[in-house]
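Subject: Structure handover

Hello,

Here is the structure I said I would pass on.

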Amino acid sequence: MRTIIVGSRQSALALTQTGQVIDDLQRLCAEHGFPFTFEVKKIVTKGDRILDVTLSKVGGKGLFVKEIEQAMLEREIDMAVHSMKDMPSELPEGLINGAVPRRADPRDCLISRGGLKLADLPSGARVGTSSLRRSSQLAALRPDLVIEPVRGNIDSRLRKLESGEYDAIVLAAAGLARMGWQDRVTAYLTPGECLPAVGQGALGIECRVEDDELRRLLSLYNDEETALTVAAERRFLGVLNGGCQVPIGAFATLESSGEDSGAEASRSITLTGMVGTPGGAVILKESCTGTDPVQVGEETARRLIAKGAEKILAELRG
Ligand SMILES: NCc1[nH]cc(CCC(=O)O)c1CC(=O)O
């Protein structure tokens with residue numbers, strides 16, 4: 001028997017999704033005869049320590065993963081479950097994304113007091129979100145709303161809504177669903193209304209490159225469709241040199257046809273990407289279809305750059 005130590009942030013969401021992944025992996029171990037047990041080790045990250053500051057002002061990529069990666073390289077832990085959208089595009093040498101499990105709901109959703117949908121919120125209603133991507137697209141849909149920053153874990157954001165600090169907040173549907181709180185959702189925002197963050201709803205399972213036996217288990221847990229679509233989205237973000245602090249969204253879908261649905265010739269990835277100004281005055285969108293996720297990501301980014309995306313992003317990086 002080998003005990004796999006799984007590092008996790010201590011937020012309710014991180015611990016819940018880590019526990020759900022461990023349940024899945026235990027099932028796979030039983031089915032395929034892997035001699036593993038799992039144990040969770042909690043790790044406090046920089047992103048957890050600075051909850052009082054708007055994340056876009058803190059800057060720096062990978063705020064939630066650095067300490068976890070350090071612990072993995074030092075063999076204090078063996079693997080970690082990350083929200084894909086918090087995962088930097090480049091992993092440190094010696095670590096690898098061993099599996100991208102099947103994606104959950106990629107959409108954003110509105111949670112409002114009184115159950116008012118986006119179109120029914122009164123003019124001047126206060127909507128909490130610290131994501132420039134969400135505020136840009138919300139302001140474009142409803143320029144009359146007052147969008148205010150909100151930080152904290154999803155449980156504390158929901159409390160701030162209840163206490164009356166906000167009339168509504170916007171959260172990722174996947175996080176709420178993993179917590180079992182989907183009944184709190186007032187309305188789901190379609191990708192047409194609010195393009196999700198790159199990788200939203202997906203997880204990444206990080207481990208050491210050399211950990212062959214763990215990687216064999218993780219390869220059974222990988223979902224090809226999610227891995228391909230998220231790869232296209234992440235390539236798109238990489239070309240635009242994004243990160244979560246810029247108003248960039250992207251969502252890719254996969255269509256497979258024919259019996260041999262795994263073959264490259266019979267699959268097509270469609271990616272829609274957006275770059276907006278923080279106030280929502282300009283929202284640029286482009287779509288692209290192809291078989292190679294890298295090409296689709298790069299081509300969509302190239303088309304947005306041709307439309308002026310680089311200028312918007314350069315001003316923000318200031
Ligand atoms: N930015 C924080 C974050 N990182 C991952 C999720 C949960 C959703 C997911 O796994 O994509 C959330 C909360 C949110 O954005 O509402």
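This is a predicted model: local features need pLDDT of at least 70, side-chain atom pairs count only at pLDDT 80 or more; totals for chains, interfaces and linings use all residues.

The whole chain

The protein chain contains eleven helices and 13 strands. Its radius of gyration is 20 Å, close to the 20 Å that the globule rule gives for 318 residues, so the chain is as compact as a globular protein of that length. Taken along the principal axes, the box filled by the C-alpha atoms is roughly 60 × 45 × 40 Å. Of the 318 residues, 42% are buried.

Helix 9 and helix 10

Helix 9 covers residues 224–239 and helix 10 covers residues 293–307. Their axes come within 7 Å and cross at roughly 40°. That angle lies between the 35 degrees under which a pair counts as roughly parallel and the 65 degrees at which roughly perpendicular begins, so helix 9 and helix 10 are oblique to each other. The crossing is right-handed.

On the helix 9 side, the contact is made by Leu228, Ala231, Ala232, Glu233, Arg235, Phe236 and Val239. Helix 10 contributes Pro293, Val294, Val296, Gly297, Glu298, Thr300 and Ala301. By type, the residues of this contact divide into nine nonpolar, two polar and three charged.

Regards

Definitions and conventions: Residues are numbered from 1 along each chain as its sequence is written. Axes are lines fitted to C-alpha atoms, for helices over the stretch in contact, and angles run from 0 to 180 degrees between N-to-C directions. Helices (H or I, at least four residues) and strands (E, at least two) are DSSP runs, numbered from the N terminus. Angles under 35 degrees count as roughly parallel, over 145 as roughly antiparallel, 65 to 115 as roughly perpendicular and the rest as oblique. A crossing is left-handed if the near helix is turned anticlockwise from the far one by less than a right angle, and right-handed if clockwise. Two residues are in contact if their C-beta atoms, placed from the backbone, lie within 7 Å. Ala, Val, Leu, Ile, Met, Phe, Trp, Tyr, Cys and Pro count as nonpolar, Asp, Glu, Lys and Arg as charged, and the others, Gly among them, as polar. The radius of gyration is taken over C-alpha atoms; the globule rule is 2.2 Å times the number of residues to the power 0.38. A residue is buried if 20 or more other C-beta atoms lie within 10 Å of its own, exposed if 12 or fewer, and partly exposed in between; C-beta atoms are placed from the backbone.
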